Amino acid sequence: MNIVVCVKQVPDTAEADVRIASDGSGIEMEGLPLQINESDNYALEEALLIKEDRDGEVTVITLGPDSSEEVLRMCMAKGATEAVRLADPAFDGGDAWATANALAKAIGGMEYDLVLTGCMASDDGMTQVGVTLAEMLGVPHATYVTEMEIGDGAVTVGRELEGGLLEKLEIKLPAVVTIQTGINEPRYASIMGIAKAAKRDIDTKAASDLGLDTAEAGKAGSKTTLLGLDYPPAGEGAEILDGTPAEASTKLADVLKEKGFA
Amino acid sequence: MPSLADKYELLGCIQCGRCTAGCPVSLRTYLNVRKVVYDGLIGPAPKGAHERPEAWSCTTCATCTERCPKGVKPMELLIGLRGSSIERGKVSPTIRDALESTFKHGNPWGRGREKRTEWADELDVPVAGDGDAVPLLWYVGCTPAYDPRCQDVARALVRLYEAAGVGYSTLGAAESCCGNEVKRMGEEGLFELLVEGNREAFASHSIDAVVTSSPHCMNTLLNEYGGVADEVVHYSQYLAGLLDEGKLAFKGSVERKVTYHDPCFLGKHNAIFDEPRSVIERISGVEFEDLDRSRERALCCEGGGGRMWVEAEDERGERLADTRVKDAVELGADTLVTACPFCLLTLEDAVKTSGCEGKIEILDLAELAAMAL
């Protein structure tokens with residue numbers, strides 16, 4: 001079974017004070033460590049588990065700058081067999097549509113049974129690439145998948161819905177499945193493994209290699225335009241408990257008691 | 001692939017069992033060091049710690065290696081088994097997260113690099129500028145920098161340095177994890193990366209001497225970095241020296257009955273037993289008595305060797321830190337002093353889990369010393 005996993009390199013903002021860049025085009029990236037998008041990491045793990053169970057290839061693919069090769073190498077260190085990077089200045093500034101279009105051109109030329117990707121990118125939170133890619137490839141899809149079992153020519157998935165509901169679906173292969181975090185426990189990629197992967201080839205493809213006209217790629221090929229970014233307006237009713245951790249936790253306990261939560 | 005027997009020179013083993021008999025965690029886990037060595041020799045040899053989860057119970061206290069009459073290093077074998085699991089990606093999520101955080105942020109606690117100096121926001125702690133010569137570097141360490149409880153220790157050290165009027169500097173947010181625990185979790189590749197980065201950072205400041213807050217940092221900077229400075233000492237040694245030279249003096253009195261827990265990486269690994277005790281004994285009002293299991297025979301707190309990030313899976317008895325706290329209470333001490341951030345955290349937790357709350361206080365040596373200023 002051949003699986004393609006679409007991954008994205010994103011900044012780790014969990015611990016950062018995120019600031020909007022002065023030109024308004026995005027956030028200030030300086031000092032932010034880069035990493036694989038969280039749900040993509042779970043998608044990769046799911047692919048590796050399937051590969052260990054029933055053989056086949058796992059190809060990881062990304063569209064991104066030179067630095068995104070670090071993510072591909074980490075994926076190879078974990079067990080991905082092939083890596084592809086869509087690299088071309090023409091891809092710059094693309095939205096989810098343009099990204100899905102380039103991925104569809106690349107994946108459409110591969111032999112695959114299943115395409116996995118994360119359900120959402122943690123940087124722009126669009127959730128659009130997986131579903132758009134499925135439409136462009138002309139294959140069925142399922143999103144926010146937290147359970148998955150490969151059957152005969154089909155995959156049974158459990159989709160996370162609101163209110164804790166789980167929707168069970170059987171979809172025919174080939175298909176695109178977007179993976180929710182928590183479906184598995186991603187493995188660790190050792191530094192030695194990443195160093196070994198650095199010696200392996202990454203297949204780099206430009207827009208012309210995909211038969212993609214530059215007018216269809218990147219910003220020119222996008223359907224949406226970013227108008228600007230703003231900080232969320234400060235609301236009311238929030239209270240910051242100050243003091244040492246011991247003092248703050250005592251205050252918090254008092255608040256919880258007072259409000260009837262404990 | 002060399003066999004485990006060749007790789008870890010196990011052929012000298014005579015199966016006498018001194019390793020297992022001395023192993024502190026064998027009191028409470030199913031780790032049987034002699035048996036692991038036996039299996040390494042006779043087979044079937046385990047492929048990694050994922051096949052022998054008790055290898056994660058080891059705190060790398062070094063008792064087994066110290067006691068072996070034939071010079072076998074069973075601790076290295078256990079670390080090697082962890083390393084094989086790391087290479088296969090088969091480690092617990094808590095270990096994985098600690099290692100990934102160390103790679104990304106330079107600390108195992110999942111905290112951002114830029115927050116490394118927040119503990120000192122209200123203080124005047126010097127940070128070396130680019131290329132500044134730093135005759136004396138205080139290597140703060142990840143746990144004193146980020147852990148709210150251990151930040152108190154870092155702040156106490158600042159008060160002591162200021163009282164002694166010593167000139168020192170830190171690396172600020174440019175400081176990265178020393179890798180002592182990373183190495184013992186078996187992630188040799190990440191350890192080498194950290195060594196390379198830290199050596200470069202140290203070299204750019206022409207450092208003469210390094211003082212560390214943690215015995216773990218001291219151990220690796222001193223013994224595993226191939227000479228980063230003429231002198232690398234733990235702060236307990238440094239304070240003892242300042243007291244000897246008369247640069248630091250305790251003017252206050254602390255009326256407490258104190259006992260001391262030897263951190264493994266200060267004591268067993270580096271034979272530093274006297275200096276912390278000499279600091280304690282110079283404080284007027286302190287009544288000091290050693291625990292029965294002290295110095296080379298000290299019970300381990302189970303915080304070392306990566307165990308801050310993984311609970312022993314095969315526990316069958318009381319946590320050693322609980323035992324330690326109860327021993328101190330039984331001795332009649334009202335204060336159990338240690339000199340290591342991991343010991344401080346595990347022992348303080350143990351006060352609660354052993355039901356000794358209100359009976360004893362856990363202090364770091366730096367905190368006790370700062371009380372006596």
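Biologist: Domain bounds here come from an automatic or database domain assignment. Which domains does that assignment give for chain B?

Modeller: Domain 1 (4-87), domain 2 (93-241) and domain 3 (249-371). This is a predicted model: local features need pLDDT of at least 70, side-chain atom pairs count only at pLDDT 80 or more, and totals for chains, interfaces and linings use all residues. Residues are numbered from 1 along each chain as its sequence is written, while chains are lettered from A and ligands numbered from 1 in the order in which they are written.

Biologist: OK, how many residues of domain 2 of chain B are in contact with domain 3 of chain B?

Modeller: 30 from domain 2 of chain B, against 28 from domain 3 of chain B. Contact means C-beta atoms, placed from the backbone, within 7 Å.

Biologist: And which element of domain 2 gives the largest share of that side?

Modeller: Helix 8 of chain B, with eight residues. Helices (H or I, at least four residues) and strands (E, at least two) are DSSP runs, numbered from the N terminus. By class, that side of domain 2 has 14 nonpolar, 10 polar and six charged residues. Nonpolar covers Ala, Val, Leu, Ile, Met, Phe, Trp, Tyr, Cys and Pro; charged is Asp, Glu, Lys and Arg; the others, Gly among them, are polar.

Biologist: How far apart are the centres of domains 2 and 3 of chain B?

Modeller: 22 Å, taken over C-alpha atoms.

Biologist: Switching to chain A: how many residues of chain B are in contact with it?

Modeller: 20 residues of chain B, meeting 17 of chain A. Helix 5 (74-87), helix 6 (93-105) and helix 10 (188-203) of chain B each supply at least two residues of that side. The chain B side splits into seven nonpolar, four polar and nine charged.

Biologist: Is helix 5 of chain B mostly covered or mostly open?

Modeller: Mostly covered, with 11 of its 14 residues buried, among them B:Leu77, B:Arg82 and B:Glu87. Buried means 20 or more other C-beta atoms within 10 Å of the residue's own, exposed 12 or fewer, partly exposed in between, with C-beta atoms placed from the backbone.

Biologist: What follows helix 5 of chain B?

Modeller: B:Gly89, whose phi is positive, near 75 degrees.

Biologist: Last one: what's the strand order in the open sheet of chain B?

Modeller: 5-4-6-7, four strands with parallel pairing. Pairing takes at least two DSSP bridges between two strands. Strand 5 (284-288) and strand 7 (361-364) of chain B are the edges. Four bridges join strand 4 (residues 253-260) to strand 5 of chain B, and B:Ser253 stands opposite B:Ser284.

Conventions. Two residues are in contact if their C-beta atoms, placed from the backbone, lie within 7 Å.
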